[in-house]
Amino acid sequence: MKSIEQARADLSQRLFAIGSRTASAPISQIATEIESIRRIAQAHGLYSAASVAHALEMALGRGERGALIDGWLAILRDAVGTERNDPQACNAYAAACSVRLTG
């Protein structure tokens, strides 16, 4: 199993790759990649990132596309890098996602 730092590095690379092609990649492909990110984050205890990835999956399902995804990816990048994965941090990220959703 990867260390948490290796997982963060892997997730960061994946997010960079997704971000570079949000305007052109099929949504189904982006959704599959976000699902993988969520699973990896969950497996390594990066619960804040897993929570945001889940919200992003839901946003994709609601039809958000292209540049709209960039805001979600920014929140997810921040969540991947945070050292906090306690319930309060997860709630703070969930609130950020809620603001993004209704924003």
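**Close-up views of a predicted helical model**

**View 1. Surroundings of leucine 76.** Leucine 76 is in contact (heavy atoms within 4.5 Å) with Leu15, Ile34, Ile37, Ala49, Val52, Ala53 and Leu56, leaving aside its neighbours within four places in sequence. The model is predicted, so local features need pLDDT of at least 70 and side-chain atom pairs count only at pLDDT 80 or more, while totals for chains, interfaces and linings use all residues. Residues are numbered from 1 along each chain as its sequence is written, and side-chain values use heavy atoms, with hydrogens and water left out.

**View 2. The largest nonpolar core.** A nonpolar core is a set of buried Ala, Val, Leu, Ile, Met, Phe, Trp, Tyr and Cys residues joined through side-chain atoms within 4.5 Å; buried means under 20% relative accessible area, with a 1.4 Å probe and protein chains only. The largest such core has 29 residues, of which Ile34, Ile37, Leu56 and Leu76 touch the most other members. Two or more residues each come from helices H1 (4–19), H2 (27–43), H3, H4 (67–81) and H5 (87–102). H3 gives the largest share, eight residues. Helices here are DSSP runs (H or I, at least four residues), numbered from the N terminus.

**View 3. Helix H3, residues 47–62.** From first to last C-alpha, the 16 residues of H3 reach 23 Å, close to the 22 Å expected at 1.5 Å a residue; the expected span is 1.5 Å times one less than the number of residues. Among the buried residues of H3 are Ser48, Val52, Leu56 and Leu60.

**View 4. Helix H2 and its cover.** Ile27, Ile30, Ile34, Ser36, Ile37, Ile40 and Ala41 are the buried residues of H2. Their cover includes H1, H3 and H4. Just after H2, a positive phi of about 75 degrees is found at glycine 45.

**View 5. The pairing of H1 and H4.** The two axes, lines fitted to C-alpha atoms over the stretch in contact, with angles from 0 to 180 degrees between N-to-C directions, come within 10 Å and cross at roughly 170 degrees. H1 and H4 are therefore roughly antiparallel (angles over 145 degrees). Residues making the contact include Leu11 and Leu15 of H1 and Leu73 and Leu76 of H4.

View 6. The model has zero disulfides, a disulfide being a pair of cysteine sulfur atoms within 2.5 Å. Cysteine 90 is buried at 15% relative accessibility, and cysteine 97 is buried at 5%.

Technical notes:
Buried < 20%, exposed > 50% of the residue type's maximum accessible area, 1.4 Å probe, protein only. Parallel < 35°, antiparallel > 145°, perpendicular 65-115°, else oblique.
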